[in-house]
Amino acid sequence: MTDRPALHIDSATLCVVTDLGRVAGPARGLAVNGALDQFAARAANALVGNAPTDPLIETTGSGITLRPSDDVLLSVTGAPAEPAVDGRAYPAWAPLSVRAGETVRVGVSDAGLRAYVAVHGSFDVPRLMGSCAPDSMIGFGTRVEAGSALALRRPHPPLVNGRFGATVFDFGLPRDVGRVSSALDVIDGPDAAEFGPGLQRLYDSPYTVTPRINHVGMRVAGPVPRRSVTGEVLSRGVPVGAIEAPTGDELLVLMRGRGITAGYPVLAVVTSRALDHAAQLRPGQTVRFRRTTATAATAAHLERRHLLDRVALRARTAFAALARPHPSRPSRT
Amino acid sequence: MTDRRAATTTAVSPCGDAAVRVAVEGEDTDQVWTVVHRLAGWLNHGGIHPTVTAVPTYDAVLVEFDPYYTTGEEIASHLRAWGATAGTQGAAGGRVVDVPVLFGGEAGPDLEWVAEVTGHPVPKVVDLVCAGEPLIRCLGGPAASAMLDGPDFGLPIPRLATPRLRVPPGAVSVAGRQTVVGPVAAPSGWRQIGRTPLEILRTDTETVVPYRPGDRMRFLPVDESTYAELLGTPMRYRHDD
């Protein structure tokens, strides 16, 4: 098996192989998990011609250094610093051709928390219920650590523009695609009425992201709306993005690794679009919650997904055209 | 909307842009639970769209979806149609899992406290837990915990004021009028009265845990040596070989 193409990991901190999540999980009692910034993960795969659900790397906070055994095509999205190949910087949010043995350094910029690395063809990793997404609760998942290697399904011949000496593609992603908003759109939750007029505090107050943030939940400190009714709540399914006020002076925003049921009332729910932003927030940042409607949130979600559809189509078309035999394939020097 | 046969009503409330909560109301809590699980079964088998998933509990179903494919409003209108044409098939499950439990001591640090609060001697508390075959009402967080009815202590059991940071895998705990069996180590505010030596969670199986809502559990008291003997044995249905 030593001949199989592999991605060697030279350094990695808080890196996992993940995908869009274990969609079959919640019905069986497991959290959905998967990439916290779903848009960035989808974009990374789209940019290299992969399926949306293909496994990719998620790095939180620090970044990763990789060395492919074969020529590969990869992409870096999320909140990355510019990826560097053998010390030379290339744009993120674009396909990047890397030669066998070259070293790719992917950092995470201060403007966010999580970066994604997708490789054309993706990785062979174990799956559970059809998904490779790590579940820390049940001890499932593929960690990416220094000295390990990920088996690549296939290499990819270099795609290098002869004139520029680099991979140059424009698949139509706007320049500010990775910009993170600290205003999070939310929709009043199913239990909003239990908080009476006090719910308005959620929308009027700034909150500070605490250091207690992970894939299960994000705690933010600030004025906490109090329930105007008392009594225990029967355990119910709680959605990803639910904002709860369990105790003390912190709100809890449930992320994709949350337990699927809880007995706390749900004040409000962060929209799909805003959850991608929430995934990029760092401790100490100030956030605000902004009230919106399901209709407006769906429109925002569709706009982003249609953008991804266009990127995926352009990428597939471009790679298909380039994959045709070419008499004099230019090489990078 | 009213399902005449079931004498229950359902109400759909938005839960963000990618989920709705369907609350089922009715006089008979068993009937409500049956409707909740029947509805979730229909949704999870692609009743509306393959990307729609449902988490059934006691009196509500959380329905999650990708707003790229459908919306809460569309789901609400599908559910109105479902209410009118609901099938008669009951919830899944119906099998029994035998669960040996070591009660008290380190395995059940709250057993004596529960005895005090309920006014029953410890052996009576154990008898009550081991009486009958309680129904698994739903799978809860974390990690497909089995949420069961009862036992009937005569009063609800208050939770811990400060949850424990870690209860071990296999913990058998009570709170309110419910029992929970947890497959993994996790924080918990429930009162831990015992622990099963069986291995509940297996990530090499497609369903991860061997039970589902509608199944029943039978708790069987064991001593420390039997506990040690059974440690790590996979949990399975009573008549599985």
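Which members of the largest nonpolar core touch the most other members? In this predicted model, they are A:L202, A:M218, A:L251 and A:F289, and the core they belong to has 57 residues. A nonpolar core here is a set of buried Ala, Val, Leu, Ile, Met, Phe, Trp, Tyr and Cys residues joined through side-chain atoms within 4.5 Å. Buried stands for under 20% relative accessible area, exposed for over 50%, and partly exposed for anything in between (1.4 Å probe, protein chains only). Take A:M218: setting aside neighbours within four places in sequence, its contacts include A:L184, A:V209, A:I213, A:L251 and A:L281. Contact means heavy atoms within 4.5 Å. There is also a second, separate core of 40 residues, with B:L128, B:C130, B:A146 and B:Y237 among them.

Residues count from 1 along each chain as its sequence is written, while chains are lettered from A and ligands numbered from 1 in the order in which they are written. Local features need pLDDT of at least 70, side-chain atom pairs count only at pLDDT 80 or more, totals for chains, interfaces and linings use all residues, and side-chain values use heavy atoms, with hydrogens and water left out.

Now for the place where the chains meet. Chain B brings 41 residues to the contact and chain A brings 42 residues. Together they bury about 3,400 Å², of which 58% is on carbon and sulfur atoms. Buried area is the accessible area (1.4 Å probe) that two parts lose on being put together, summed over both. On the chain B side, B:D17, B:R21 and B:Y68 supply 19% of the area buried against chain A, more than any other three residues.

The interface of chain B and chain A also holds 5 salt bridges. A salt bridge is a side-chain nitrogen of Lys or Arg within 4 Å of a carboxyl oxygen of Asp or Glu. B:D59 forms one with A:R236, with the closest N and O atoms 3.1 Å apart. On chain B, the strands β2 (8–14), β3 (19–26), β4 (53–56), β5 (60–64) and β7 (136–140) each supply at least two residues of the side that touches chain A. Strands (E, at least two residues) and helices (H or I, at least four) are DSSP runs, numbered from the N terminus.

Helix α1 of chain A is well wrapped: 10 of its 10 residues are buried. What covers them includes β2 (56–68), β3 (72–78), β6, β8 (114–119), α3 (272–278) and α4 of chain A. At the N-terminal end, A:D37 caps α1(A) with a side-chain oxygen 3.3 Å from the backbone nitrogen of A:F39. After the helix comes A:G49, whose phi is positive, near 80 degrees.

A:A315, in helix α4 of chain A, is buried, with a relative accessible area of 0%. Leaving out neighbours within four places in sequence, A:A315 is in contact with A:A46, A:L47, A:G49 and A:F171. The C-alpha atoms of A:A315 and A:N45 are 10.0 Å apart, although 270 residues separate the two along the chain.

Most residues other than glycine have a negative phi, and most peptide bonds are trans. A:N33 has a positive phi near 55 degrees; this residue sits in the loop between β1 (6–18) and α1 (38–47) of chain A and is buried at 3% relative accessible area. A:W93 likewise has a positive phi, of about 55 degrees, and is buried at 15%. In chain B, the peptide bond from B:G150 to B:P151 is cis, with omega near 5 degrees, and B:P151 lies in the loop between β8 (145–149) and β9 (164–167).

Over all chains, the search finds 22 salt bridges. B:D30 pairs with B:R137, the closest N and O atoms being 2.6 Å apart. B:D30 lies in helix α1 (residues 29–44) of chain B and B:R137 in strand β7, so the pair ties together parts 107 residues apart in sequence. B:D30 is partly exposed at 38%, whereas B:R137 is buried at 9%. B:R238 has a salt bridge with B:D98 (3.0 Å, N to O) and another with B:E133, at 2.9 Å between the closest N and O atoms. In chain A, a network of salt bridges links A:R4, A:D54, A:D124 and A:R153.

Key:
Polar contact = N/O pair within 3.5 Å; in protein donor to acceptor, adjacent residues only side chain to side chain.
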